[in-house]
Amino acid sequence: MDRSTALLLARMKEQYERWKAGPLTSREFARFLRAVGRAATVIGRPDIAAEAERLSRQVNSGKEKEWTAEEALVEIAPLLRCFYEEKETPFPLPLIKSEQESEATILLCGNDPLFFTYLCRALDAAPWRLLTVPSLEQAAASIICLSPDCLVVSLSEEDGEPSALASLLENAGRHPYLPVVVISADGRKETQLKCYELGADDVVTPTAADELFIRIRRLIEKKRKIDELVLVDELTGVYNRKYLPRVYARLRSDLERSGTPSCLALLDLDHFKQINDRFGHLAGDAVLKKLADVLLQHTRGLDTVIRFGGEEFIVWLAQTSKQEARAVLERLRHQFEGEEIVADGFRLSCTFSAGLVECDQADESLDHWLRLADAALYEAKKKGGNRIEEAGAPSAPHDGGQERSQRRRTSGRRWAVAIVDDDELARAVIADLVRKLAAEQQREVDVEEFGDGLSFLQSPLYRDGRRFIVILDRVMPKMDGLEVLERLRQERKRCKVMMLTSRHDEREIAHALERGVDEYVTKPFKWLELEARLRRLLRGLDS
């Protein structure tokens, strides 16, 4: 992108920031587009001028309306394509997309809404889920809950956010390989070297989507190969025990968000040593592979099968109660018992025993559930094997058990927070922040998430009479934030309310405050401001 074109794009970014202060009329929007067209003609970019003129006529021909900054940004996406693709003919993404290519989650982070809008529109044909966060701090907080396959970080030429980038890349490095692409308008070699030194896998200037598509796809393929080498058991093809903490982190997050338990089953082949001694280790390997095949074929895609070690396997059944899990395990047990295994000229069969535990408490460690499942497995073996045993309550509390029991007896003092926002990513980021603040105060907190106001008003949390905090998005489907706020105040609910909005209109903020909002935060969030306001509201629950 030449300097004149880059300067024009920078002016468009400045205008977008001004639009956030309040809605603009169709007349103002069309006037801006005509100004872009005139400037593009002066710098010798007739393609940009023609697209700006087309959009101007389109806006003028429609019904007079007020445009939000987000609506205007979506409208000018075809114009942005002219900037980033310049005069080249882009290579069509569907032609370079592999037929076998699986879905991936790409996290776009940084304060460059114009480029990300262009990118999301241009990569629409790619089999990817594109999520955008406006700050690197939010991206760092979202890595665990979103489990992205690649981070795309946009750095501005002015500040480069070196400390935030270093923190983000350090956080990414704590997890199994997570590739990071840095997009920097600063094309200096020293900037690129600094990004590589911090841990970036690729550093590019803002570029056309087809080139970026290739770069990201190559890194995703590399990540999957590394994951297979590091996290997959070579003999059976299922995950190995290194993958277990990642599974538990995801399922514990599900439990914290929705209250839905999962079930862990520890399986062990019966009399496996005798098979190795009598038929040889090749036969033993065949039995292990057969069990892995049966477990994979007869569980769901959201379940996880792990070879725990030797002849032991773990089956983690997501969003499943103990009764449902037992039925699944009994079906697996009968299926495997009936399998004929052919190995090294021998025909044999085998059975397994299992210990089952329902993971219904998010504050427990992975080791706690493994101990309970192992004790249940021991009971199954003691009773002759080829059976399923459920874990009972531990006979004595383990470390911290007395404190946890005391906390449960005072559960009426738990904090309760409802996050009502149709943006899944915003909900995830805020939920993680709430839990962090609760942990700082050594308090337990119930965090519930809702995608719209109506589902919140129909929830048990709304009806049970506890004091709680509501974090409300201003604009949502079915029922917007102001309507929910009016219901809360009309029914005199014992709650504090924080309103979120992408509009910076002082009149709207004053209107919400008059209706009873306790805190008002604009998007994109200033992280320290959001944290301070939430901390103040949480402290108010104890007063």
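Colleague: Which residues of helix α1 are buried?

Modeller: This is a predicted model, in which local features need pLDDT of at least 70 and side-chain atom pairs count only at pLDDT 80 or more, while totals for chains, interfaces and linings use all residues. Residues are numbered from 1 along each chain as its sequence is written, and side-chain values use heavy atoms, leaving out hydrogens and water. Buried means under 20% relative accessible area (1.4 Å probe, protein chains only). In α1, the buried residues are T5, L8, L9, M12, Q15, Y16 and W19.

Colleague: Within what arc do the buried residues of α1 fall?

Modeller: An α-helix has 3.6 residues a turn, so residues three or four places apart point the same way. The arc is taken from the directions from the helix axis to the C-beta atoms. Seen down the axis of α1, its buried residues line one face of the helix, because they fall within an arc of 110°.

Colleague: Which strands stand at the edges of the six-stranded open sheet?

Modeller: Strands are DSSP runs of E with at least two residues, and two strands pair if DSSP finds at least two bridges between them. The order is β8-β10-β11-β9-β14-β15, with mixed pairing. Each edge strand has a single partner, so one side of each is left without a neighbour in the sheet: these strands are β8 (239–240) and β15 (388–390).

Colleague: What is the bridge partner of G309 in β11?

Modeller: Strand β10 (residues 304–309) and strand β11 (residues 312–317) pair in the antiparallel sense over five bridges. In β11, G309 has as its bridge partner E312.

Technical notes:
Buried means under 20% relative accessible area, exposed over 50%, partly exposed in between (1.4 Å probe, protein chains only). Helices (H or I, at least four residues) and strands (E, at least two) are DSSP runs, numbered from the N terminus.
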